[in-house]
Amino acid sequence: MATRKLLLLPGDGIGPEAMNEVRKLIAYMNEDLQAGFELEEGLVGGSAYDVHGQSISEADMQKALGADAVLFGAVGGPKWDDVPYEVRPEAGLLRLRKDLQLFANLRPAICYPALASASSLKQELVEGLDILIVRELTGGVYFGEPKEIIDLGNGQKRGIDTQIYDTYEIERISGVAFELARTRGNRVTSMEKRNVMKSGVLWNDVVTATHAASYQDVQLDHMLADAGGMQLVRQPKQFDVIVTDNLFGDMLSDVAAMLTGSLGMLPSASLGAPDDVTGTRKALYEPVHGSAPDIAGKGIANPIAMMASFAMCLRYSFNMVAEADRLESAIAAVLDSGIRTVDIAGESITPVGTTQMGDAVLNQFKALSN
Ligand code: IPM
Ligand code: MG
């Protein structure tokens, strides 16, 4: 039986509640499908700070480095608003991304047919929406140095962040976008701000050169990132794959996520480079929604984004494509049947809680697996 090492980092807020629903899926897959998942657990974010005084401990970082894949819930909450910047909950996530070198962040924005009416845009604009945002995740202004606040000595301070991109970083992320486009609609739109940023000029040049060298079969378009944001809410279905930098990707993926009706629906994958010898890549899977402290502990959070993140894990880390397809079909079938958590219930449906939604998906997944 294959051994598949998974590290669970439920984190804060609704993270642990959502993760519990994935645990049930894993237990079923181990018992009935001989999936061979071996689980480890760790703390990240505020929950790690409370125990270790750090947003992730060295021991848990080692577990992450040794795992085949990491499942991550969410971090942060008002409880930790005043902890020092270096150990704030988000720092644990950023360290995982950086130390595991997870440079490629895949954020699908899919509008499930059953939810088209929950979008803040007109139904016909979002029905059938299927966009993949490929966000660069280990470079740019998130990590560039200097990054500091300096005292100018005249009663003024200066806050500095630095946007930096090297050629290889743009080549590898655009390569991921082109490869993925080939498995979908075969179109890539690259977004930057070359009209004001030198890093944008380089981004545009390198994406163009990468395309010309190896991916001429894929259609490539360029858009300024502000115009891209506007087009995302004007005519979202014009896009297939969008490739962009760390900061623009953060913003544009939230915009794209909301088009689909609920942030509670969307998964993401953060991938490293394939190992030269084994071909495997480090990977972390996380829902796009945050820790949602306002509803944490109430048992009403939507676990679908976390469960769909596990589907991405099956697909990208373990090549369990059939199981991933079945899990995604199970989620769609549950939504078709009218079962809703409160975030997607609308006016006329009585919402179910987190565990009921998780059970519904699990039961559907079991039915499809027999
Ligand atoms: C995201 C989040 C993170 C980011 C935060 C929690 C650091 O907004 O994953 O989109 O800015 O990358
Ligand atoms: Mg974000």
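Mentor: Start with one contact: a polar side-chain atom of Arg135 lies 2.8 Å from an oxygen atom of ligand 1. This is a predicted model, in which local features need pLDDT of at least 70, side-chain atom pairs count only at pLDDT 80 or more, and totals for chains, interfaces and linings use all residues. Residues are numbered from 1 along each chain as its sequence is written, chains are lettered from A and ligands numbered from 1 in the order in which they are written, and side-chain values use heavy atoms, with hydrogens and water left out.

Trainee: Which residues surround ligand 1?

Mentor: A residue is near a molecule if one of its heavy atoms lies within 4 Å of it. Around ligand 1 stand Glu90, Arg97, Arg107, Arg135, Tyr142 and Asp250. By class, the shell has 5 charged residues, 1 nonpolar and no polar; Asp, Glu, Lys and Arg count as charged, Tyr among the nonpolar.

Trainee: How far is the side chain of Asp250 from an oxygen atom of ligand 1?

Mentor: An N or O atom of that Asp250 side chain is 2.8 Å from the ligand oxygen. The protein covers 74% of the 320 Å² of accessible area that ligand 1 has on its own (Shrake-Rupley method, 1.4 Å probe).

Trainee: Is Ser270 buried or exposed?

Mentor: Buried means under 20% relative accessible area, exposed over 50%, partly exposed in between (1.4 Å probe, protein chains only). Ser270 counts as buried because its relative accessibility is 1%. Its place is in strand β11 (residues 267–271), strands being DSSP runs of E with at least two residues, numbered from the N terminus.

How values were computed:
A polar contact is a pair of N or O atoms within 3.5 Å; within protein, one must be able to donate a hydrogen and the other to accept it, and residues adjacent in sequence count only if both atoms are side-chain atoms. Helices (H or I, at least four residues) and strands (E, at least two) are DSSP runs, numbered from the N terminus.
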